[in-house]
Amino acid sequence: MNLMNILLGISTALAEEGVAVSADATGELAEGAGAVGTVAALISTLLPMVLIFVVFYFFLIRPQRKKDKQVKQMLDNLKVTDRICTIGGIYGTITNIKDDTITLSVGNQNMTMVVARWAIRSVEEVSIENDSEMLN
């Protein structure tokens, strides 16, 4: 908030200076003060818009980019035998990876499914070797 106080103080000071000069001046000085007052009005008008953009960037845009980067990294690091969950809620084990398609082994009978790489929500932390009875 310190930055906001500084910027508002500058625009207030410019506006007060413009009013003082225009009250004391004649002719040309009054026109110059009008220009200073116009600049102060422009700053006070644009300042809230700039602050709103900064808030949107730090609270919406930046976190979303960070999340997208993590998802892309997770999808790039997929490997065979990873236990995954799809966006449809299907849990399976990766048996084959091609460019944009992934073959999963699903259920007790190890049925195979082919899903798109982008359809994977998360990689589960459970290892297959330790919990094979629980996963099937």
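In which loop does Asn110 lie? Asn110 is placed in the loop between β3 and β4, and the legends below, all of a predicted model, return to that residue in the last view.

**View 1. Confidence along the chain of the predicted model.** The protein chain has a mean pLDDT of 80, with 66% of its residues at 70 or more. Strand β4 has the highest confidence, at a mean of 96, whereas helix α3 (residues 132–135) has the lowest, at 53. Over residues 20–27 the pLDDT is below 50, and this stretch has 4 contacts in the model beyond near neighbours in sequence. Where pLDDT is low, the predicted coordinates should not be read in detail.

**View 2. The open sheet of 5 strands.** The strand order is β4-β3-β2-β1-β5, and the pairing is antiparallel. Strands β4 (111–116) and β5 (120–123) stand at the edges; each has a single partner strand, so one side of each is left without a neighbour in the sheet. From one strand to the next, the twist averages 45°. Within the sheet, β2 (residues 91–97) runs antiparallel to β3 and is joined to that strand by 4 bridges. Strands of a sheet pair through backbone hydrogen bonds, either parallel or antiparallel.

**View 3. The largest nonpolar core.** This core holds 10 residues: Met74, Leu75, Leu78, Ile84, Ile94, Ile102, Leu104, Val106, Val115 and Ile120. Two or more residues come from each of the elements α2 (28–76) and β3 (101–106), and β3 supplies the largest share, with 3 residues. In soluble globular proteins, nonpolar side chains tend to be buried together.

View 4. Ile94 stands opposite Leu104 in β3. Leaving aside residues up to four places away in sequence, Ile94 touches Leu78, Lys79, Val80, Thr81, Asp82, Ile84, Ile102, Thr103 and Leu104.

**View 5. The salt bridges, of which a search of the whole structure finds 2.** In one of them, Asp76 is paired with Lys72, and the closest N and O atoms are 3.2 Å apart. Both residues lie in helix α2, 4 residues apart, about one turn of the helix. Lys72 is exposed, because its relative accessible area of 53% is over 50%. Asp76 has a relative accessibility of 49% and counts as partly exposed.

**View 6. Thr81 and Asn110, residues other than glycine with positive phi.** Thr81 has phi near 80° and is located in the loop between α2 and β1 (83–86). Its relative accessibility is 46%, and Thr81 counts as partly exposed. Asn110, in the loop between β3 and β4, has phi near 50°. With a relative accessible area of 42%, Asn110 is partly exposed.

Methods:
Residues are numbered from 1 along each chain as its sequence is written. Side-chain values use heavy atoms; hydrogens and water are left out. A nonpolar core is a set of buried Ala, Val, Leu, Ile, Met, Phe, Trp, Tyr and Cys residues joined through side-chain atoms within 4.5 Å. Buried means under 20% relative accessible area, exposed over 50%, partly exposed in between (1.4 Å probe, protein chains only). Contact means heavy atoms within 4.5 Å. Two strands pair if DSSP finds at least two bridges between them. Axes are lines fitted to C-alpha atoms, for helices over the stretch in contact, and angles run from 0 to 180 degrees between N-to-C directions. A salt bridge is a side-chain nitrogen of Lys or Arg within 4 Å of a carboxyl oxygen of Asp or Glu. pLDDT is the predictor's confidence in each residue, from 0 to 100.
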